[in-house]
Structure formats: C-alpha cells, structure tokens
Amino acid sequence: MIKRNRDLYILLSILILFFIVNIIYLSFGWLDLWGNGAGIITGAAFTLAMYSFLYKDNPVFKIAENLFVGVAMGYWIIITWFNILKPDVFETLIVPIFKDTGNPPQFGVLFPTLLGIFMLLRFSKKLAWLSRWSFAFIVGLGAGITIPNFIHAFILKQLTFDSLISTSIPASMNNFLILLGIVSVLIYFFFSVEHKGVVGGVSVIGIWFLMIAFGASFGYTVMARMSLLIGRIQFLIGDWLGLLQ
C-alpha cells in the first residue's frame with residue numbers, strides 16, 4: 001500500500017511539474033500554442049510517458065503505448081486504402097462494374113483481392129481455414145524471392161573470390177581476412193573431424209571471427225538505439241525547453 005501510494009505521488013508530481021513548465025513557457029511566449037507549440041508539448045508528453053517505463057510499468061506508459069499502437073494502425077489503414085485499395089481495386093475493379101468509366105474492369109486484381117479478404121477470415125471460426133491459402137501464398141512468394149537472393153549474396157558471392165593479391169596492401173589484407181574468416185568459421189561448424197591440431201587451431205580462429213561479428217552486430221544495434229535516444233533528448237532539451245540551440 002505504501003509503495004503504491006509512493007508511485008501515485010511520483011506520478012502526480014511529474015504531471016504537476018510538466019503542467020507548470022508548459023504554463024511558464026506559454027506565458028512567456030517561449031512556446032506558441034497556436035503555432036507548433038501544441039505539437040511540441042504533445043510530443044514531449046508522449047516522449048516522457050514512454051521513458052517512464054524506465055522507472056516501472058505504469059498507467060501513463062500504458063496509455064501512451066496504446067495510443068501509439070492505435071494511431072499507427074489507423075495511419076496504416078488510411079495509407080493502405082489511399083495507396084493500394086482505392087487506386088488498384090476500387091477504381092479499377094469496383095467502379096467500372098457499376099459505372100461507365102470508359103475502361104473495362106480489371107479482373108486481374110480479383111485474385112489478390114480474394115487472398116486479402118481470406119486473411120481477414122481469421123476472425124471467423126468457420127471460415128478461418130481459408131486464411132491458410134493466403135498465408136501459404138505469402139510464405140511461398142517470400143521464400144521464392146528471398147532464397148535466391150540469400151544464396152547469391154551469402155554463398156555464390158563468397159565463391160567469386162578473385163585473388164588474394166589486389167592493387168593495394170589494405171585491399172589484399174581485406175581479401176585475406178575474408179578468406180580466413182570464411183574457411184575458419186566453416187571448419188568450426190564441421191564436426192565430422194575432431195577439433196585437434198591444425199583443425200582445432202583454425203576452429204578457434206573461427207570462434208574469434210564469430211565473436212567479432214556478433215559484437216559488431218550488437219554494437220550496431222546499440223548505436224541505433226542510442227541514436228534514437230539522442231534524438232529524443234535533443235527534442236526535449238532543444239525543441240521543448242529551448243535550452244539547446
């Protein structure tokens with residue numbers, strides 16, 4: 001009970017402080033409510049609400065999270081209607097059937113339209129089985145497009161190794177490291193031979209290459225998140241509080 005009251009006091013204190021800060025900024029004209037001030041205040045409120053999860057899960061974070069999902073879903077539906085359904089289905093198939101537009105109905109879009117409708121039948125217990133046709137088509141199409149590109153980029157491209165000797169020393173060293181990494185990692189995953197002697201030494205090199213690759217991937221992910229954090233902090237300090245020019 002005491003902990004719950006403490007969380008409630010912290011939440012009310014932050015809301016009162018946020019309200020006072022915005023009143024001060026609006027009063028002194030540092031934020032224009034009728035210009036972009038309303039958008040900046042709303043953005044700052046939602047930014048702080050989302051980062052409030054760093055303290056703990058709370059009702060403010062839940063409200064912001066649900067609003068984000070709802071707005072994103074509404075935006076996605078509108079974009080889908082105006083960019084896909086309206087020009088490709090409604091205006092090319094539905095309208096020409098009931099109105100003389102000078103163009104014949106494009107019955108070619110009937111098949112993908114039916115697949116899209118079948119996906120929505122997941123909400124029907126009796127007709128949910130039809131959605132499997134749509135998902136099977138999407139998975140098959142995705143596999144058919146992805147697998148050749150994957151083979152070309154990650155297998156065939158590695159086999160088209162020109163030469164260890166290139167026009168410059170750094171390029172030659174780069175080619176050597178690529179060759180060493182591929183061979184050592186392949187040997188590390190080759191378990192038909194016991195990893196002893198030369199094979200064991202090369203497999204250890206493969207472990208180092210894997211660790212470096214995983215570390216670089218993790219570092220890239222962390223840097224991307226840090227970039228988002230820096231952007232939000234710049235927004236709060238610069239656009240909202242005006243402390244950063």
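By class, the largest pocket has a lining of 11 nonpolar, 3 polar and 1 charged residues (Ala, Val, Leu, Ile, Met, Phe, Trp, Tyr, Cys and Pro count as nonpolar, Asp, Glu, Lys and Arg as charged, and the others, Gly among them, as polar). Before you click further: this is a predicted model, in which local features need pLDDT of at least 70 and side-chain atom pairs count only at pLDDT 80 or more, while totals for chains, interfaces and linings use all residues. Residues are numbered from 1 along each chain as its sequence is written, and side-chain values use heavy atoms, with hydrogens and water left out.

**Stop one: the largest pocket.** Select Thr-80, Leu-85, Thr-113, Gly-116 and Ile-117, which lie nearest the centre of this pocket among its 15 lining residues. A pocket here is an open set of points on a 1 Å grid over the protein atoms alone, where a 1.4 Å probe fits, with protein on both sides within 12 Å along at least five of seven lines; lining residues have an atom within 4 Å of a point. The space in it comes to about 520 Å³, a volume being the space filled by probe spheres set on the points, which are joined across faces, edges and corners. Now colour α3 (59-98) and α4 (110-120), each of which supplies at least two lining residues; helices are DSSP runs (H or I, at least four residues) numbered from the N terminus. The largest share, 8 residues, comes from α3.

**Stop two: the second largest pocket.** Here you will find about 440 Å³ of space. Pick Leu-11, Ile-14, Ser-52, Asn-58 and Val-60, the closest to its centre of the 17 residues that line it. Two or more lining residues come from each of α1 (2-27), α2 (33-51) and α3, and α1 gives the most, with 7 residues. The lining of this second largest pocket divides into 12 nonpolar, 2 polar and 3 charged residues.

**Stop three: the rings.** Rings of Phe, Tyr and Trp (its six-membered ring) pair if their centres lie within 6.5 Å; planes under 30 degrees apart count as stacked, over 60 as edge-to-face and the rest as tilted. The count by this rule is 9 aromatic pairs. Show Phe-28 and Trp-30: their ring centres are 5.0 Å apart and their planes at 15°, so this pair is stacked. Both residues are exposed (over 50% relative accessible area, with buried under 20% and partly exposed in between, using a 1.4 Å probe and protein chains only). Then move to Trp-81 and Phe-90, a tilted pair at 5.8 Å centre to centre with 50° between the planes. Trp-81 is partly exposed at 33% relative accessible area, and Phe-90 is partly exposed at 36%.

**Stop four: Ser-134.** Find this residue in helix α5 (residues 131-159). Is Ser-134 buried or exposed? At 1% relative accessibility, Ser-134 is buried. Its side chain reaches the backbone oxygen of Leu-115 at 2.5 Å. Beyond its neighbours within four places in sequence, Ser-134 is in contact (heavy atoms within 4.5 Å) with Leu-115, Phe-118 and Met-119.

**Last stop: Thr-47.** Go to helix α2 and select Thr-47, which counts as buried at 6% relative accessibility. Show Ile-233 as well: Thr-47 and Ile-233 are 186 residues apart in sequence and 9.2 Å apart in space, C-alpha to C-alpha. Leaving aside neighbours within four places in sequence, Thr-47 is in contact with Arg-232, Phe-235 and Leu-236.

Note on methods: A polar contact is a pair of N or O atoms within 3.5 Å; within protein, one must be able to donate a hydrogen and the other to accept it, and residues adjacent in sequence count only if both atoms are side-chain atoms.
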